[in-house]
Amino acid sequence: MPKQGSLLAYTVSRLILALPTLLILLTVLFLVLRILPGDPVSALEAGHRSTRDIAADKARLGLDQPWWIQYPVYLGQVLSGNFGVSLGSLYIGQPVLSVIAQKLPATIELAIGGMIVATIMGVGTGVLGGANRDKLPDVIVRLYGGIIWVIPVFWLGLMLQLVFAVGLHWFPPNLRYAADPVIYPSPTHITGLYTLDSLLEGSLDKFAISIDHLFLPSLTLGLVISGFFTRTVRANLLRTINSDYVEAARARGVPERFIVLRYAFRNALIPIVTILGLQFAILFAGAVLTEKTFSWDGMGTLLLNSIDSRDYAMIQGTVIVYAFIIVTISVIIDVVNGLIDPRVRY
Amino acid sequence: MILAIVVIVILAIGVGAAVVLLRPAATPSITLWYNSTGHYGDTEPAVAQLIKAQIEATGKVTVNLQSEDWATYRADLAKGNLPMFLLGWYPDYFDTDDYISPFYSTSGAQSQGSFYSNATVDKWVTNESTTVDTTIRNSYFQKLQNQSATDVPYIPLWMTNAHVVYDSDISGVFLHPVVFKYFIMNKPGFDHITVGTTDSPTSFDPALAYDYFSGEIINQVFDTLLVYSPTNGTLLPGLATQVPSVTNGGIGTDANGNQTYTFDLRPGLKFTDGSSLNATTVKNAIQRVIRLNLAGSAEFLLEQVAELGRTPTIDTPNCPGPCTRIVFHLNKPVGLFNEIMSFSVAAPVPWWYNQTGAQQDVVNSVVKVTGEGPYQLTEPTLNQQYVLTKNSGYYNPGLYASFGIPTIPILNKIIINRYSDSSSLKLAIQTHQVNMAYRTLNPTDLSSLQGSAASLNLRVDIGTSPQIRFLVFNIKTAPFNDPNVRRAIAYAVDRNSIVTNVFHGFAVTLYSMVPPGFFGPDYSKPVFQTIYGSSPDIAKATSLLSNAKLAIGFYLFQANEIERPWT
């Protein structure tokens, strides 16, 4: 038994708490989907087949049963690792987890790309603003932080497409990889992350094509998220830059640039690490619209299509995988926080 | 003082009551429903707004607009929850009947949400669908269309456009009304082309596929007993050696008096995996579709429309042996059996296809779609990219030799990429990310590409599509249970305005549920134009609505809420 207050005990307790979170989410989602009007069979067949045929198909799939009979059956399947098969028009009959396994790498790749852009832009502009308080760079950074945060992601994506793809021809407008696999063969599937697979295959050409396609979607997603980072980094930097130990360093004649980067910035980063982790979760949600704008075939596109066709099993599976990722990241953040600051373990 | 207050109060009550009682009667309201999630593209709200304005021009009703996502919309229309709504139709099989029986037969009308039922019309539908005699069919189709304009359960509005945008050096591109044929295209100096589409497939198993894109791929990968000419809806022999007719003895009657269709297969047919394709294979494939009866499939076309029934009677008289003859015994005579045998649902599949469910397209990264058509599906990345590779052993390379196409398929590969929407597809063709954009660009994007086609070195082909758009009335629901209300709206709608203002001219006005110009014998008759005119007649619409006793305000507070039981 891990000792109370130990990092291990804290980690175990966080993991145990994550399970009911997922169960509650699954239950609520299951109920909400059944309350919503429409169902997968009607979405597939209404308008073409008779009402009698539709009713028969619903009965065959067990969808004519009340939710309190369907739910235990579904829960039993999920607990045994079976998320069911798709009932929607796009993936009908295919196991939900196998479809998700195909789409998840695309979203992870986009989220990582977006996070890199957000971090570079957010931290860079935040430091620039914080180090030049109330000067022109700070004013520009504050404007950037405020405006970029409220720009709709699809609009920004479209603008970037028009400028960099249509106007300048620097980047392809959309898709994850070249549209012509005869001339540009795709990387061999290893992880599903095209950039990583290209490197594992040892092909820099394929890596370049992957990055080429990843750039605009990542820039779109990352820029929108970066506004929050900008403001947070700037605020934290201003707090630390006026602290006693920085004043002390300044009094000792330490150069300002050194003070900002060595002392103030490092300390300002501590709360930002926590925010970075949480933003990663938000990034997954933001990826839904970015994926649609760039025809990026990932989880967001899958979720949108599944909702449109009331594909109960696929929606439930997709949301649970999203939730699992977010809960996992949040547990990791909690553990890292516990590691940094032992007070949170008690 | 008290008396004065009492008098003032009484006067106030009196004035208030007079204001309430003497104010003009509120205009009754009706609700127009439309899909809000882009099933018919992003033009639907604009169409609904125009129709609303056209109906409201009568001054007799106000029109509320309500929208739903596609899944809810389809469920609600089938349940009879939508009193007046916009809908579209793409034909299953290429016959005039597919624009008649799904709408005007009692069972068909129920699934369309109009709940129209007329015993005489049912009889006419049966009569037209059970004969191949064009004179008899024409007579019934004329009666049916005339009746449709009298009863008005639907108002035909427009035919959508078919379009394709492609590199100007690609040849052999035809906007075929049934299936887009990649195997007759050529691009000099290239052995492949890349295509962009916004379509999504369901499955490439003929027993499950029932959407345009799945059918399009199936038609490149599988041949059916009969196939279409490269440019129009004329049937040609495919796997079979001739198109059955009464004249050549292919259509006959069995000892029990049942109608029969007999097909003779070409000898020595094989699927691309080497397994044989003979009369038994065809029989098993048809029986498999009916036995599985998969949710969302086109099984009903074989079982119900083609009258094969749940347990079809299919003979293979020369099996074992050459095993090339197959005879279908129908429960009732069917005049459009040949058309159904050329639909993707009737495509034969190898014996090893899943007999207990749909065949998965890909299992462990291995493609499991096996046909005998001009192309093979080789590298699908599900819902993202589909690669069609030339079937070097195609049994019928000279299929279109008489049309000046000596051999098919021409290109080695066709690579189809999926895009999320019209704007993405436009960017793809504009930047030459793909060589061709086929389905679906919205009118604005299409118009823009048409304007810049020459500078981009592109060609834009526009044609009419067999897809029709129309207004549906649930005739069991007030006020649309009154035919005069439906007729009034037929007078009020302005098709030209919709075509011009919403579709920039990329659509064609439609005056019958049967679109003109698609079928060999053209049975279409513009009955709505004859009766209601080419342009709106607001005076007649107003007069009909005035007589329809709408002014009592009964529908003023008509509930838009729909009761939804938990399931």
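Visitor: What should I know about the numbering and the confidence limits?
Guide: Residues are numbered from 1 along each chain as its sequence is written, and chains are lettered from A and ligands numbered from 1 in the order in which they are written. In this predicted model, totals for chains, interfaces and linings use all residues, side-chain atom pairs count only at pLDDT 80 or more, and local features need pLDDT of at least 70.

Visitor: How many helices and strands are there in chain A?
Guide: Helices (H or I, at least four residues) and strands (E, at least two) are DSSP runs, numbered from the N terminus. From that end, the elements of chain A run α-α-α-α-α-α-α-α-α-α-α-α-α. The count is 13 helices and zero strands.

Visitor: Why is chain B called as compact as a globular protein of its length?
Guide: Chain B holds 17 helices and 19 strands. The radius of gyration is taken over C-alpha atoms, and the globule rule is 2.2 Å times the number of residues to the power 0.38. For 567 residues the rule gives 24 Å, so chain B is as compact as such a protein, its own value being close, at 27 Å.

Visitor: What percentage of chain B is buried?
Guide: A residue is buried if 20 or more other C-beta atoms lie within 10 Å of its own, exposed if 12 or fewer, and partly exposed in between, with C-beta atoms placed from the backbone. In chain A, 43% of the 346 residues count as buried. For the 567 residues of chain B, the value is 53%.

Visitor: Which element gives the largest share of the side of chain B that touches chain A?
Guide: Two residues are in contact if their C-beta atoms, placed from the backbone, lie within 7 Å. Chain B gives 49 residues and chain A gives 50 residues. Elements of chain B with two or more residues there include α5 (106-112) and α12 (422-430). The largest share, eight residues, comes from α3(B).

Visitor: Which are the edge strands of the four-stranded open sheet in chain B?
Guide: Two strands pair if DSSP finds at least two bridges between them. The order is β8-β9-β11-β10, with antiparallel pairing. Three bridges join β8(B) to β9 (residues 259-264). Each edge strand pairs on one side only: β8 (251-253) and β10 (313-315).

Visitor: At what angle does helix α9 of chain B run to β11(B)?
Guide: Axes are lines fitted to C-alpha atoms, for helices over the stretch in contact, and angles run from 0 to 180 degrees between N-to-C directions. Helix α9 (residues 279-292) lies across β10 and β11 (325-329) of chain B. The angle to β11(B) is about 30°.

Visitor: Which strands do the buried residues of α8(B) pack against?
Guide: Helix α8 (residues 212-221) of chain B is mostly covered, with 10 of its 10 residues buried. Among them are F213(B) and I217(B). They pack against β5, β14 (375-377) and β15 (385-390) of chain B.
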